Amino acid sequence: MTTKKNNVVNSSILMISASWLAKALGLISTIILARLLTPNDFGLVSIVMLVIYFFNIFSETGCKQYLLSLPEVTNQELNTAWTLNIISKTIISGVIMLFAPYSASFFSEPQLTMTLYVSALIPFINGLENPAIYLAKRNFNYQGIFKLNLISKIISFTITISLAYYLKSHWALIFGTLTHFSLMTIGSYFIMPFKPSFSLKQIKKQWDYSKWIFVRGLVGYTRAKIDTFILAKSFLTAELGLFNVAKEFAMLLQEQIAMPLQDIVMTSVQKVKGNEQNVASVIEKFSTLLVCLILPAVIGLAMLSDKVMLVVLGEQWLDAAPLLAVLAILGFSTSLVVVLSAALSALSKTKLIFQLDLITTSLILVILVLSRNLDITTFAMVRSLLGFVVLFGYLLALRFVIKLRLLKYLVNMIPALLASTAMYFTLKLSQPSYLEPTVLNLISLILIGALSYLMIFLPTMNRMQKYSISLQFVNQQIMLIFDKTRNLILRNKH
C-alpha cells in the first residue's frame, strides 16, 4: 500500500515537473515569438487552430479515457483503439483540406487556405500515436513520457524560434506544432514497444463508452473555443491575438499543474471507485493541492499583469495586460474542473458529464453571444466569471454521485484563502507608482508575494492538518517538493 502511494506521489511530481519544463520552454518560445511576430500573426494562428480543433472533435474516439477506465487492457482493445484513431483522424484531415477555402472565406482571411492545407496533417499524425502509451500511465510509469515530452518540446522549440527569426511569419508556429506532434507520435513507439495492428473486434464495447466522449467533445470544444470564435468574427484579428496570448498566460495555471494530474486522478479514482468515501477523499486531496498552488498564482498574475506583459513580451503587448488580469480567474476555475471531470470519467459517468457540459455550455454560449458588442476587456471578464458556473455544476454533480461533502471541500481551502488575502494586501502595498517595470523589480515583487503567502499558509495549514486528511496530504506533497528541490540544489553544487 505504501509503495502504491509513493508511486502516485512520485508520478504526480514527475508529471508536474515534465509539464513545467515543457511549458517553460513554451513560455520562453512565446516571449521570443512575441518580439519577432505581431499580434496579427498570433491571431491568424488562433483561427487556424480553431478550425482544426473544430473538425478534430468529430474524430475523438475517447481511447485514452476508455483504456484508463478498464480494470485490465488486452491487445485487442489496444488494436481497436489504434484503428479507430487512424480511420477517424485520416478522414478529418481530408475534411479540413476540403473546407480550407470556405474557412478562409468565412473568417475573411485569404492566408488561411494554404495554412490549413499544411496544418491538416496534425490530426493524421496524432492519430498514429501508439495507444499502449496509456498502459504506462495506468502503471504510474512516467519516466519515458517525461523524457519524450521534454525532448519533443526542446526540438520543436528550436525549430519554431529559428523559423520565426528567418521568416518573420506565422508559418514558424505552424511548422513548430507539426514537429512537436510528429516527435510525440514517433516517440510513443520507443516508450512502449507494442506494435498495433488493424482490428475492430472491440469496437462495440469501446463505442458504448466513447459515444458520450464524442458528443461531450463537441460540447466541450464549444465551451472552450466559443470566445475565440466570437472574437474572430466580431473583433479585429490583432485583438484576437492579444486575447489569446493573455489567455495562454492565464491557462498556464491549468496546463502546468492541473492537466498533468488529470490522468493520475483518473487512475487513482478508478482503483478505489468501489468505495465512495475513498473516491471523495481522492477528489478532496487533489482539489485542495490545486487550490493551494493555483490561488496565489491567480492573484499574482492579476495584480502584476501590466508588469508581466511589459517586461516579458514588450510594449506592443501592453494592451493584453487588462485581459490577463481578468482571464487569470478563468485559469483557477478550469483547473478545478479538470480534477472533477477526471473523477467522473473514471467513474464511467460519461453520460452525466455530457449532460452537465451541455447545460453549462448552452448558458455560456447564450451569454457570450449577447456580450459580443462589449469592449474586449469586459467580454473577457464575462467569460472568466462564467467559468464558475461550470465549476459549481461539477461540484453539484459529485455531491449527488458520491456524496461529496461540499462544506468539507470548502473548509480545506481555508489556509490558501487566508494566505492569498495576505498576499493581495502585501502586493498592493509593495507597488509604488514610481516603481519602474524592470525584470529585477518584477522578480522582487513575485518573491515578496510568494514569501507573504508562505508565511501565512504554512503555519495555518500545520494547525489545521490534524483535522483534515486532505491538508495532511498537501503538507506531505509540499515537504516532498521542498526535499527534492533541496537535493537538486545540493547535487548541482557538487
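Contact, in what follows, means heavy atoms within 4.5 Å. With that settled, let me start at valine 338. This is a predicted model, and in it valine 338 touches Gln254, Ala258, Met259 and Gln262, leaving out residues up to four places away in sequence. Valine 338 sits in helix α15, residues 321–346. Its relative accessible area is 7%, so valine 338 is buried. One more distance here: valine 338 and glutamate 255 are 83 residues apart along the chain, and their C-alpha atoms are separated by 10.0 Å.

Now the overall picture. The protein has 21 helices and 0 strands. It has 494 residues, and 55% of them count as buried. Take the contacts with a separation of 6 or more: 84% of them are between residues 24 or more positions apart. The accessible surface is about 22,300 Å², and carbon and sulfur atoms hold 67% of that.

Next, serine 93. You will find serine 93 in helix α4, which covers residues 75–106. Is serine 93 buried or exposed? The relative accessibility of serine 93 is 7%, and the cut-off for buried is under 20%, so serine 93 counts as buried. Beyond its neighbours within four places in sequence, serine 93 is in contact with Ala120, Pro123 and Phe124. Leucine 121 is 28 residues from serine 93 in sequence, yet the two C-alpha atoms are 6.1 Å apart.

On to helix α17, residues 376–401. Its 26 residues should span 38 Å at 1.5 Å a residue, and the end C-alpha atoms are 38 Å apart, so the two figures agree. The N-terminal end of α17 is capped by aspartate 375, which has a side-chain oxygen 3.2 Å from the backbone nitrogen of threonine 377. Just after the helix comes lysine 403, with a positive phi of about 60°.

Helix α20 is the last one I want to go through. It runs over residues 439–464, 26 residues in total, and reaches 37 Å from first C-alpha to last, close to the expected 38 Å. Which residues of α20 are buried? They are Leu442, Leu445, Gly449, Ser452, Tyr453, Phe457, Thr460, Met461 and Met464. As a reminder, an α-helix has 3.6 residues a turn, so residues three or four places apart point the same way.

From that list, take serine 452. Its relative accessible area is 8%, so serine 452 is buried. The side chain of serine 452 reaches the backbone oxygen of glycine 449, at 2.8 Å. Away from residues up to four places along the sequence, serine 452 touches Met423 and Thr426.

How values were computed: Residues are numbered from 1 along each chain as its sequence is written. This is a predicted model: local features need pLDDT of at least 70, side-chain atom pairs count only at pLDDT 80 or more; totals for chains, interfaces and linings use all residues. Side-chain values use heavy atoms; hydrogens and water are left out. Helices (H or I, at least four residues) and strands (E, at least two) are DSSP runs, numbered from the N terminus. Buried means under 20% relative accessible area, exposed over 50%, partly exposed in between (1.4 Å probe, protein chains only). Accessible areas come from the Shrake-Rupley method with a 1.4 Å probe; for residues, only the protein chains shown count as cover. The expected span of a helix is 1.5 Å times one less than its number of residues. A polar contact is a pair of N or O atoms within 3.5 Å; within protein, one must be able to donate a hydrogen and the other to accept it, and residues adjacent in sequence count only if both atoms are side-chain atoms.
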